[in-house]
Structures are given as C-alpha cells and as structure tokens.
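The sequence and the structure come first.

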Protein chains: 2
Amino acid sequence: MTVAEKLDTEKSAKSKRSKPPVALETDRILEDDCVTAMASLPDACIDMIFADPPYNLQLGGDLFRPEGSMVDAVDDDWDKFDTFAAYDKFTRAWLKEARRILKPNGTLWVIGSYHNIFRVGAALQDEGYWILNDIVWRKANPMPNFRGTRFTNAHETMIWASKSEKAKYTFNYKTMKSLNDELQMRSDWLIPICAGQERLKEDGKKAHPTQKPEALLYRVMLASTKPGDVVLDPFFGTGTTGAVARRLGRHWIGVEREKRYCRVARERIEAALPLDESSLTIMKSNAAQPKVPFGALIETDMLKPGAILMDSKRRWKAEVRIDGSLTTKNGKEGSIHKLGALLQGAPSCNGWTFWHFETADGLKSIDDLRAEYRLAHFP
Amino acid sequence: MTVAEKLDTEKSAKSKRSKPPVALETDRILEDDCVTAMASLPDACIDMIFADPPYNLQLGGDLFRPEGSMVDAVDDDWDKFDTFAAYDKFTRAWLKEARRILKPNGTLWVIGSYHNIFRVGAALQDEGYWILNDIVWRKANPMPNFRGTRFTNAHETMIWASKSEKAKYTFNYKTMKSLNDELQMRSDWLIPICAGQERLKEDGKKAHPTQKPEALLYRVMLASTKPGDVVLDPFFGTGTTGAVARRLGRHWIGVEREKRYCRVARERIEAALPLDESSLTIMKSNAAQPKVPFGALIETDMLKPGAILMDSKRRWKAEVRIDGSLTTKNGKEGSIHKLGALLQGAPSCNGWTFWHFETADGLKSIDDLRAEYRLAHFP
DNA sequence: CAGGCTGGTGAATCCTGAT
DNA sequence: AATCAGGATTCACCAGCCT
C-alpha cells in the first residue's frame, strides 16, 4: 500500500459518508444523472476523470434553471445572470462529487469552449483543484465561420488539474516526449476533429453532437494514467473515453443518462480491441532504474582510488578517494554532486553527467560507467 | 453621428454620472491606479480596450535551469494577491469601470494565462460582456518546462468581448483574411515572444518583465478597430499598445501606476514611426507549418501499435510501440530516425523515407502515410 | 562575409525519497 | 513535519565572437 493509498483510507474512515472497502466494479456504464451516479461510488477510488460537460443552456434548460424562476418575464441581463448562476451551481455540484471520488493523487480533465470553460475553470479553482496545465486542442479542420463575423473558432480548451496543490500526480513525461519526435510536448495540440469512419452514425445521422476524437483521449490517457488505472467519464456520451481506455489497458467507468447513447457506447467499446502487452510497453519507462552509489564503481574496480576526474571542458579536476568522495588540489572536497556544484558555484549539479575521465578515445562520462555497471549487475 | 454614437449619448444623458460633452484628450498616459483613472473619463468614450492585467502567478521558490542558471521570475508586488477572492474583487472593479467607458459598440480584449484567465472570463460574463472569441497566442519560442513535470506552457489566452450581446462591433474580416494568406483567420495565432531588439532594456536589464510583442497588438488592433478609433490600455506597462496604436493611426490612452514604466513608454511611443513596408512584412502571420510527428499517425490509428515496419529491401524489421518509438527483436530501440541510423551504422537517417510497411500492393513508405495524413487534415 | 559555435533568456504556479 | 542529499532536467531565437 502506498503512502497515498494509506492517507486515502484514513480520510475515508473519518468521512461521514465512508463506505466499506469493496472492490470497485469497473468497465461498465452507470445509466444515471452524473451527480447521483458519482455519489454512489466510494471516496478516493478513481485515478483520472475526463469530463466533457454540456454547455448548451437552451437544451438543458430544465436542468440548469433554479427552482421557480420565471423564464419569460425577466429582463435580458437578469436572465443571463440567472442562467450563469444556475450553470455554476450545476458545475460546482459535479466538480465537488468528482473531487471526492478522486484518489489523492488523481487528476481531472475538463474540456470546453469559451461558452463555459471560464466558468468551469474558476469553479474548479474555488473547489480546491490545482490547475496543472490548460491545453489547447487545435482543430486541424474546423468549421469555417460562414458569415465572416468573427475569427474561425478553431480550438477547444482542456483544463488539467490535480486534486490539490501538493498532490503527486502522474505525468508520463518521456512518453509524451517520444510521441512528439523527442521534443517536450507543448500545451497546444494539433489533432483532427472526429469525422469519417470514426464518427458514429445512427440512421445516417451523427449519433452524438459532440463526439470527441479518439486521438485526443489517447494523448490525455497516455500522458496522465498508468496501465490498470481507473478512468471515469461523468458525461460518457457515446463512450470515446471507454473505447480508448480499453485499447490502452486502463479500466473505465462511464456515467450517462441517455439510454440510446449508452447502447451505442456499449457496442462501440465491445468492438474496441485491447492492445497486447508488448505494444503497450513504452520506450523509456518512468520506472526507477536501480540506484548505483558512486562508491560501487570503486568497489568493483571500474574506477581506481586516485583516478583523476574532470568536467567535459577540462576546467576542473578532482581525485577519486577510496570512500567515493572527490578532492581537488586546493583541498575542496565532497560527493560527485556536491563538489560539482561547489566548483561551478551552482545550487546543484548532477555529478554523473558532470564528471569525466580520460580514455584512449577522449573523455568519457562516469554516467557511461554507471550504465556498464547496471548492465553487468542488473541484467 | 452614427447610430451607435446617438445611442451612446442617450444613455449618458440618463446616467446618474453623466458629464458635459467635452473633447476627450487622447494620446497620453494617465499616471494613476487603473480604476481611479478610468473613473475620471466620461461614459462611452472608448472604442476598444486592451487589458493585460496581473496574472496572479503564485510562484513558489526559485527555479533553476538544467545548466544551473536561475530563471528570472515575475516576483513584482503588483502581481501579488492574498486570495482568489481578492483577485476577483480587483478584476470586477476594473471590468465594471471599463464597461462604463466603452462605447456601446466597443470591444474589450483581455490577455491572461491559466492562473487568472478563467476568473477573468467568468467575471466579464457576469458583468454583462458578451464573449466573441477566445484567441490562443501560441508562442513560437516559449520557455521549456525544465523539470519535465508538466506540458510546456506554450500559450496564453485572450478573450475578445463586446459590451453586450446585441452590439454591432467592428471586425475587419477581409483585413484578417488577407493577413492570413487569403484563409479565414483562425482563433489560434502563432507569434514569437518579445525578444531581441524589440525588448526594451534599462541598464542592460529588461525594462518590464512581461512586455508583449507588437505583432500581437498589431493583429488585435487591425482586427477590431478603425483608423482614428480611441484605444485604451488600463495596464499600460511600457506602452506596447500605445506604440502600435500610433503606428496604425489609432488614438490611445494609457493608464499606468509606476513612474518608471511611464517614462520608458513615453520615449518609446515618441520613437514609434508609421509602419514601412518591411515592418509590415514582419508583422504578417507566419502560417503554421503543419509538422506531423510520427506519433500522430498512431494516435489517429493510421498505424497501430504492434505494426511491423521494414526498410525497402527488408533487411531490417522493427515494431511500432505505443509512444511512437520503434523496437527490434534484439532489443534495439529509438525514434524512426534514431533507429534507422543505428541499424545502418549511419550518422543520421530520415526515418520517414527509410521505413516501410507491407500492403496488398507491396511495400509502402510511411512518408506516404504522412502525405495522406496531411491531405486528410490540412485541406 | 558566411557559417558555425557559445552563451543568454523568456508571465513558470517545475523533485523525491529517506531520515 | 521538516531537513537533507541524490540526481534528473531545456527549446527557439538572438547576439556576439571566431574561423
């Protein structure tokens, strides 16, 4: 049990609505209102939530309008404020419940457009979430603005947030870098909209008005979850989140009110084939490599006490001592990291990459020695 | 007098704080707090407001680059707020005053990052503004994420809003289209950050920590104002808004509390000459080259993880992994370029033309797939 | 002079585990 | 809870200098 999970259990025990620790049923759709459905789940059981909440105030009128307000007889401005207030109430309700069911180190993604994303963003900050990034989904082929009255609305915004400021969230940095031709993945993603074969149809018409592309969920999930994690989508629609989760070996829970969406989603996920284990492995795993103390290189005679190390430009030299510390001619000393930092006047230094030694083929880094050591001792 | 201006006068007359119709003094800096300064202006006298308010960054300790130097962070007092509530109060105060001085058909631009933009967006909706677009400023050269903890924060968000829903705002559609090589201008703009000669210095150090690029203001002003319009900037700083306004033949009013910023701004605007051809070219948008990372083919399911790639003569084979890296049977791995080079013993390799996959009609290059991807998504 | 190399820098909520 | 030490981590652009 990790520290995080321990904390989690302790919190649950204290909470008024604590539930007995039962195995969470995953890979299924809860056919219910999103707040009610989430309320049926125990505290801190979800690793990641992806939410694509509605924002069409007209269609959802009943849902968002507060009790007893008169629709017809109000002034425009008042009506607008009223509607915003109702939308905010709805937003806070599901964000609150979502935060409760998130594990301490879980994260939340929300996608929206300028109609609702600012309200959602402010609300989630107020609820205690900590924003990690806002991500811009740049649509490769957006619908043009036919009337020429504004800029072509060519993007949507996603907010990625952790449960709290100090949380140790999952971010698969190397995976993202690899996916982006060995450059850091930026906050603006160019991804085509969902069309063609991928777009689900019913009787020739699109099955859902706002179906998201699988490529988007693919990147979201690959970035912020580990295989086996549980992903929840409180506005499941036709189940893009579920389909991608299954393909990527993650567990999923979908919440959706509308029966016909649920039916389409089930069929779709059924057909989404999980990738096999070997394809799932990524090139540079974030799993910690076995730690090698510098002294181990001396003990195994890969470096001898008295050997001279220097930085790549031969500005500084130091001698290796028997206990794995280094010393300079004028008496400075310390670990490979400490001395490297001291000589450069830097706050810190990675001694493994800073220090080199002379070979027939020129300078070689002690990090290469460490790699050799690992190969020999951790096959 | 336009209809808009007539409406405007009528409203002013009814308003409790109506003022005698005096000529508005423009092209000057009001050296004062932003709310106080705006309060000194009459109702409905401004055509466009560009606001770059404090972002409330909430930075922690120092941040160092991998090579040891320290990042020069924004730690100015003007960016510090105790709570979100305090920031919201400040935001609503200036938004309210800004809306009062805006002409009925005037518009407001606000720029921010994920730290503050959601609060600003929600507040301006509450104040009665009507959002027209959210615009993403994609930075061509953002600061990387040095610790590999999040996605590179590579953009900022601007909100463009009219005073009310029914307003007849200015949008120079054709100008924008011609600026964008005869394609409709999208909501994501690729513009470099302010650096080099353009960056104002004092004693060799940057004069203002958050100076915005003139290219950004150029596009904003060209899109949403007419020559002779009055543009107000309530957070003037070193006067980018004023400089661009002068060059584009717009009148400007700047509001800035800090004396030293005012001094720098005055000198700068004094020197801002009308644009010549060459500067115009610089300002013109560099249409984003759609670069396709190999990973995009996997995300869009054009290539599946586990697929086998080989060179044109079938000498080498490799398997596609989930993150866009390749791996061979005997454990060699890398990007399409790296692995191609490694296998051939060459210093470098263009993986796009080196790697192929089996089809019914024989081998096909992954470069063909890339071409298909481009064709499908960048019409 | 062209071209290459080095160094500096930009609105940044930037580590982790053991003791 | 706080402290300490190990050691992992960067992209595009510009200016200046050298070959």
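## Strands, helices and domains

In β5(B), Thr107(B) has Ser162(B) as its bridge partner. The model is a predicted one. Strand β3 (residues 102-112) of chain B and strand β5 (residues 155-162) of chain B pair over 6 bridges, in the antiparallel sense.

Both strands belong to an open sheet of 8 strands in chain B, ordered β1-β10-β9-β2-β3-β5-β4-β6. Its pairing is mixed. The edges are β1 (28-30) and β6 (188-191) of chain B, each of which pairs on one side only. On average, neighbouring strands of this sheet are turned by 20° against each other, direction ignored.

Helix α3 (residues 84-101) of chain B covers β2 (46-51), β3 and β9 (230-233) of chain B and runs at about 145° to β3(B). α7(B) lies across β2, β9 and β10 (251-255) of chain B, at about 170° to β10(B).

A hairpin is formed by β15(B) and β16(B), with 2 residues between them. Strand β15 (residues 356-359) of chain B and strand β16 (residues 362-365) of chain B run antiparallel and are joined by 4 bridges. His356(B) stands opposite Ser365(B) in β16(B).

| Helix pair | Axes come within | Crossing angle |
|---|---|---|
| α6 (residues 214-224) and α7 (residues 240-247) of chain B | 9 Å | roughly 55° |
| α8 (residues 240-247) and α9 (residues 259-271) of chain A | 9 Å | roughly 15° |

Take the chain B pair. The axes of α6(B) and α7(B) cross at roughly 55°, which means that α6(B) is oblique to α7(B). Their crossing is right-handed. From α6(B), Glu214(B), Leu217(B), Tyr218(B) and Met221(B) take part. They meet Thr240(B), Thr241(B), Ala243(B), Val244(B), Ala245(B) and Arg247(B) in α7(B). The contact of α6(B) with α7(B) has 6 nonpolar, 2 polar and 2 charged residues.

Now the chain A pair. The axes of α8(A) and α9(A) cross at roughly 15°, so α8(A) is roughly parallel to α9(A). α8(A) passes α9(A) in a right-handed crossing. On the α8(A) side, Thr240(A), Gly242(A), Ala243(A) and Arg246(A) make the contact. On the α9(A) side are Arg268(A), Ile269(A), Glu270(A) and Ala271(A). The residues of this contact divide into 3 nonpolar, 2 polar and 3 charged.

How is chain A divided into domains? Domain 1 spans 28-284 and domain 2 spans 289-377. Taken over C-alpha atoms, the centres of domain 1 and domain 2 of chain A are separated by 48 Å.

Definitions and conventions
Residues are numbered from 1 along each chain as its sequence is written. Chains are lettered from A and ligands numbered from 1 in the order in which they are written. This is a predicted model: local features need pLDDT of at least 70, side-chain atom pairs count only at pLDDT 80 or more; totals for chains, interfaces and linings use all residues. Side-chain values use heavy atoms; hydrogens and water are left out. Two strands pair if DSSP finds at least two bridges between them. Axes are lines fitted to C-alpha atoms, for helices over the stretch in contact, and angles run from 0 to 180 degrees between N-to-C directions. Angles under 35 degrees count as roughly parallel, over 145 as roughly antiparallel, 65 to 115 as roughly perpendicular and the rest as oblique. A crossing is left-handed if the near helix is turned anticlockwise from the far one by less than a right angle, and right-handed if clockwise. Contact means heavy atoms within 4.5 Å. Ala, Val, Leu, Ile, Met, Phe, Trp, Tyr, Cys and Pro count as nonpolar, Asp, Glu, Lys and Arg as charged, and the others, Gly among them, as polar. Domain bounds come from an automatic or database domain assignment.
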